[in-house]
Structure formats: C-alpha cells, structure tokens
Amino acid sequence: MTTDTTTPEAGPAASPGTPLLNASGVTMRFGGLTAVRSVDLTVNTGEIVGLIGPNGAGKTTFFNCLTGLYVPTEGTVSYQGKVLPPKPHLVTQAGIARTFQNIRLFANMTVLENVLVGRHTRTKEGLFSALLRGPGFKRAETASRDRAMELLAFIGLESKAEHLARNLPYGDQRKLEIARALASDPGLLLLDEPTAGMNPQETRTTEELVFAIRDMGIAVLVIEHDMRFIFNLCDRVSVLVQGEKLVEGTSEVVQRDDRVIAAYLGEPFEGAPGDEELAEVEAAESATDSTTSTKGTEGAR
Ligand SMILES: Nc1ncnc2c1ncn2[C@@H]1O[C@H](COP(=O)(O)OP(=O)(O)OP(=O)(O)O)[C@@H](O)[C@H]1O
C-alpha cells in the first residue's frame, strides 16, 4: 500500500479534538422492534472511533441513521454543529462518506470510473455544461480525473486504474470502496466492517490505511467484529448491545470491562445453575467416570 499522506486533500478543516459528529438520543424502531435505543455518540476531529457489539446489536442501523439512509424515529445527528438532513446525498455533501458491509462497487465499470462516481458531489458543472462540453466542463473533468488518480495512488491501485472492478481481488475491491468514499473529500469516514472476509495480511494493510486516512485529517468511525483490529486502531470504542450503548472508553478500558465480556459470551440467564449445582453435577460426572473406567478395566481382563 502506498501511504502518501501528502496527496489527498484533507476534509473540511477543523482544529484537532473538536466535535465533528454528534448523535444525540438516536432511536430507530421497525414496527415493534427497537433496533437502536437512545444512543449518543460523538466523534472528534483527528479521532478513530470503533463501534462494536454482538450480531444484531444495531450497529449498521445506527450507521444508516447517521448517513440519512434511515430517518431516526427519535434523536438528532449533527455534523460540525449543524443538524444533518436525512438524505444520503446531502449527508455526503456535508462531509460524511461511508462504505457498506457488502461491497457495492459498479462491477462493470473500471477502477478509475468507480472513484470518479464518488466525486460527483464535489463537481459543480451542471447538465448543460456537460452537454456542451465547454472549457469549464473539461477543466472540471481533468481535475476530477487527477484527483481520482491521486486517490488510487494513495491506496496502491494506480496501476489497475483501467481494470474492471469485478476483476480485482477481494481485498482490492474493499480498498477501492474506501477510495470511492474518499473521493467526496469527507471530513468523516464511516467504515462498515472493512476487514470482513480478509486474511490477516489484508487486515493489517487496512489498519495501516485507516491510520493514513486519519493522518490526512479525516476522522474515522468504524464498525468491525475483529477485536484485535479494533483495539489496535481506535482511540475510543463504543459498545452497543441490543440497541443500547453499554460502555464507551479507550480500548484498554473496554476490553477489560466485565459487561462487555458478558455481552459477547452471553449473560448468565435467570435460573442458571449456581456454584452448588455445578459442584453436584461435577461430582456426579466423576462418579460415573470412575464406574465406567472400573467396568472398562474389568472388561479388559
Ligand atoms: N430494515 C429493517 N427492518 C426491520 N428490522 C431491521 C431492519 N434493519 C435491521 N433490522 C433489525 O434490527 C436489529 C439490528 O440490526 P443491525 O443490522 O443494525 O445489527 P448489527 O449490529 O449491524 O448486526 P451485524 O453485526 O450482524 O451486522 C436486528 O434485529 C435486525 O433484524
């Protein structure tokens, strides 16, 4: 991977450590199911924040509320102090870009074309200009192309610019998705399971890529099931369980929290056997074992 941190333009400038994204009391109900319940989350400039939780905890639903795919039942989402309209293209225009859990590339377009699609929110030339192909349009087209090539160099896919997206290896397709998201010059990048299906080497490369993105001045909010990846990468980790925020803190704090361990391993259920019952079961099992082994010895005689 090329990590040329000077190439891509940084997102909207803001001083390090000031709030960028602010989700407040976000609730999302689907009929009788509350997938996300009153979740607050802040991402500051310069931060990499992780969002973890068991399957079905509401992580992707929460992402969809942040990016305008869902209109939250309750709560607000602000970016740089302004409430975001629940429309994906307006959220992208405001400065938030995302990738999806399942790869959503244009398979029959080239690698370069896929990145150019991601630039459309930053292109000001209108329909007439495009039809007339005047000098303004040509200048904008060249600038977009140059920028797309810079981003491809950044993620290490420059030499594959003219390949069809569908012919890329899986790990490269995931990187291309990130390049396409970066093409909208975001200030905040949301990654939904960026290492899903990757081998350890590809995961390591993705980790370096996310650090390089942060070094460009882009904050990152990432959902991931790979705990090693999350705890290596994130300045702060937020844990969702059954739609609610259970814990938030540094990687060190979160990975030692008993409630998080219990949420992943399963809370003891009501009526579960206590120590006494377990001791009785163990005693009964060892009695059975010794009978069996005696029988076994007798049988061998
Ligand atoms: N469009 C929808 N309509 C109805 N229920 C939904 C919808 N989207 C998600 N859900 C439900 O909301 C809950 C949270 O799902 P979500 O996909 O957000 O969890 P997740 O934490 O991202 O899970 P995973 O880690 O498996 O991707 C689940 O019970 C899911 O079935």
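Me: What order do the six strands of the open sheet follow, and what is the pairing called?
Reply: The order is β6-β7-β8-β3-β9-β10, and the pairing is mixed. Strands here are DSSP runs of E with at least two residues, helices are runs of H or I with at least four, and both are numbered from the N terminus. This is a predicted model: local features need pLDDT of at least 70, side-chain atom pairs count only at pLDDT 80 or more, and totals for chains, interfaces and linings use all residues. Residue numbers start from 1 along each chain as its sequence is written.

Me: Why do β6 and β10 count as edges?
Reply: Each has a single partner strand, so one side of β6 (96-98) and one side of β10 (244-249) have no neighbour in the sheet. On average, neighbouring strands of this sheet are turned by 20° against each other, direction ignored.

Me: How do you know that β6 and β7 are partners?
Reply: Two strands pair if DSSP finds at least two bridges between them. β6 and β7 run parallel and are joined by three bridges, so they meet that rule. You can look for R98, whose bridge partner in β7 is L190. Helix α1 (residues 59-66) packs on this sheet, touching β3 (48-52), β6, β7, β8 (219-223) and β9 (236-241). The direction of α1 makes about 150° with that of β7.

Me: Why is Q80 called partly exposed?
Reply: A residue is buried if 20 or more other C-beta atoms (placed from the backbone) lie within 10 Å of its own, exposed if 12 or fewer, and partly exposed in between. Q80 has 17, so it falls in between. Q80 lies in the loop between β4 and β5 (82-83). Its phi is near 50°, a positive value in a residue other than glycine. Most residues other than glycine have a negative phi.

Me: What about E193, and why does P169 get another label?
Reply: E193, in the loop between β7 (188-192) and α7 (200-215), has 19 C-beta neighbours inside 10 Å, so it is partly exposed. P169 has 10, so it counts as exposed. P169 is found in the loop between α5 (135-155) and α6.

Me: Which residues of helix α3 are buried, and how do you know that they share one side?
Reply: In α3 (residues 111-118), V111, L112, N114, V115 and G118 are buried. They cover an arc of only 160° around the axis, which puts them on the same side of α3. The arc is taken from the directions from the helix axis to the C-beta atoms.

Me: Which residues does α3 meet in α6?
Reply: V111, N114, V115, V117 and G118 in α3 meet L176, A179, R180 and A181 in α6. The axes of α3 and α6 (residues 170-182) come within 7 Å and cross at roughly 35°.

Me: Which residues are in contact with L152?
Reply: Two residues are in contact if their C-beta atoms, placed from the backbone, lie within 7 Å. Leaving aside neighbours within four places in sequence, L152 is in contact with V111, L112, V115, L157, E158, A161 and A179.

Me: What makes the largest nonpolar core a core, and how many residues has it?
Reply: A nonpolar core is a set of buried Ala, Val, Leu, Ile, Met, Phe, Trp, Tyr and Cys residues joined through C-beta atoms within 7 Å. The largest one has 67 residues, and those with the most contacts inside it are L151, L152, A179, L188, L189 and V220.

Me: How many helices and strands does the chain have?
Reply: There are 11 helices and 10 strands. Of the 301 residues, 35% count as buried.

Methods. Axes fitted to C-alpha atoms, helices over the stretch in contact; angles between N-to-C directions.
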